[in-house]
Amino acid sequence: MSSTAVRSRRSSWTPSQIILTLLGAAVSVVLLAPFAWGLFTSLKSETEAVEVPPHWLPKHWTGQAWKALFDTGNITDWFVNSLVVSVCVTFIVLLVSALAGYGFARTEFRGKSVLMGVVMAGLMVSPAVLGVPLFTTVQQMGMVDTYWGMILPQCAPAAMVYILYKFFQGIPRELEEAAFIDGADRWRVFFTIVLPLSRPSLAAVGIFTFIASWNNFLWPYMVTNNPDLMTMPNGIATVMNSYGIQWAQLMAGGLMAGLPLIVVFVFFQRQIVAGVAHTGLAGQ
């Protein structure tokens, strides 16, 4: 009898839980509304998509915009280009950030404070400011209209180096010292002890880097003139004709471009939350 009463009290909702649930539902509706609007607009005809006043649901459901997007645009090439660039950038950033962060956290060398200051200064420089000098450098190296021209300039991860540097500082030195006593060298300690302990932070850095590279519009736009090398953001920006922007196609392309990010979030949301908690990003 008493256990039943306890279970009923535990299952009953408190006013604060009800309020928080309603607030969460309201925020979810606000966040999902643009996706719903984009989906419904992509299923309208171009004429219906620009009607005033606008309406949510299509009067005549059609996949014309999706068909036109695949017929007239190189959507497959754009998708593959974005995937290649984002994966390569993510891999290089993880490698460089992990090595640099561990070097700053665990080794002593001449000029360490100066180099760390340079890394910190990189956090205060907007990427847009570096666009012209980076483009000049890439042009002189003959990497315009190449994958490497889009990839390498995105691999200067000052923020990611700092994140992993702070995380590596929190790893107990006793673990590494015990491995050194057993005869392990610095590289073996790094790959067999430090990196496995850093999986949450590495996952967070990798996911944030992938998302930032996938959504990057300005740099691929500056360094690429070849339509076959366009990434998704650049390709979608060309969805227009002499009559102006094709809104139904634009919404279809936007949903197509956002699909990988949705998949990343759905399958890696636990790693994202754990990485934010471990790296201290929650307070920033």
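Patches here are built from residues with over 30% relative accessible area and no salt bridge, joining like charges within 9 Å and nonpolar side chains (Val, Leu, Ile, Met, Phe, Trp, Tyr) within 5 Å. A salt bridge is a side-chain nitrogen of Lys or Arg within 4 Å of a carboxyl oxygen of Asp or Glu.

The model is predicted, so local features need pLDDT of at least 70 and side-chain atom pairs count only at pLDDT 80 or more, while totals for chains, interfaces and linings use all residues. Residues are numbered from 1 along each chain as its sequence is written, and side-chain values use heavy atoms, leaving out hydrogens and water.

**View 1. The protein chain as a whole.** Let's begin with the overall picture. The protein chain holds 15 helices and two strands; these are DSSP runs numbered from the N terminus (helices: H or I, at least four residues; strands: E, at least two). Of its 284 residues, 35% are buried (buried means under 20% relative accessible area, exposed over 50%, partly exposed in between, with a 1.4 Å probe and protein chains only). The chain exposes about 17,200 Å², and carbon and sulfur atoms supply 69% of that area (Shrake-Rupley method, 1.4 Å probe; for residues, only the protein chains shown count as cover). Among contacts with a separation of 6 or more, 72% link residues 24 or more positions apart (contact means heavy atoms within 4.5 Å).

View 2. Leu32, Phe35, Leu259, Ile262, Val263, Phe265, Val266, Phe267 and Phe268 make a nonpolar patch of about 880 Å². Helices α2 (15-42) and α15 (247-279) each supply at least two of its residues, and α15 gives the largest share, seven residues. One member to look for is Phe267, found in α15; Phe267 counts as exposed because its relative accessible area is 61%.

**View 3. Gln154 in its loop.** Gln154 sits in the loop between α8 (147-151) and α9 (158-169). Its relative accessibility is 16%, so Gln154 counts as buried. The side chains of Gln154 and Asn216 are joined by a polar contact of 3.2 Å (a pair of N or O atoms within 3.5 Å; within protein, one must be able to donate a hydrogen and the other to accept it, and residues adjacent in sequence count only if both atoms are side-chain atoms). Beyond neighbours within four places in sequence, Gln154 is in contact with Val85, Val89, Val93, Ser213, Asn216 and Trp219.

**View 4. Ser97 in helix α5.** Ser97 belongs to α5 and is buried, because its relative accessible area is 0%. A polar atom of the Ser97 side chain lies 2.7 Å from the backbone oxygen of Val93. Not counting residues up to four places away in sequence, Ser97 touches Pro157, Met160, Val161 and Leu164.

**View 5. Helix α11 and its partners.** Helix α11 (residues 186-197) has twelve residues and reaches 15 Å from its first C-alpha to its last, close to the 16 Å expected (1.5 Å times one less than the number of residues). Its buried residues are Val189, Phe190, Ile193, Val194 and Leu195. They pack against α5 (75-106), α9, α10 (173-181) and α12 (199-215).

**View 6. Two backbone details in loops.** A cis peptide bond, with omega about 0°, joins Val52 and Pro53. Pro53 lies in the loop between α3 (46-49) and α4 (64-72). Asp145, in the loop between α7 (131-140) and α8, has a positive phi of about 60° although it is not a glycine. With a relative accessible area of 28%, Asp145 is partly exposed.
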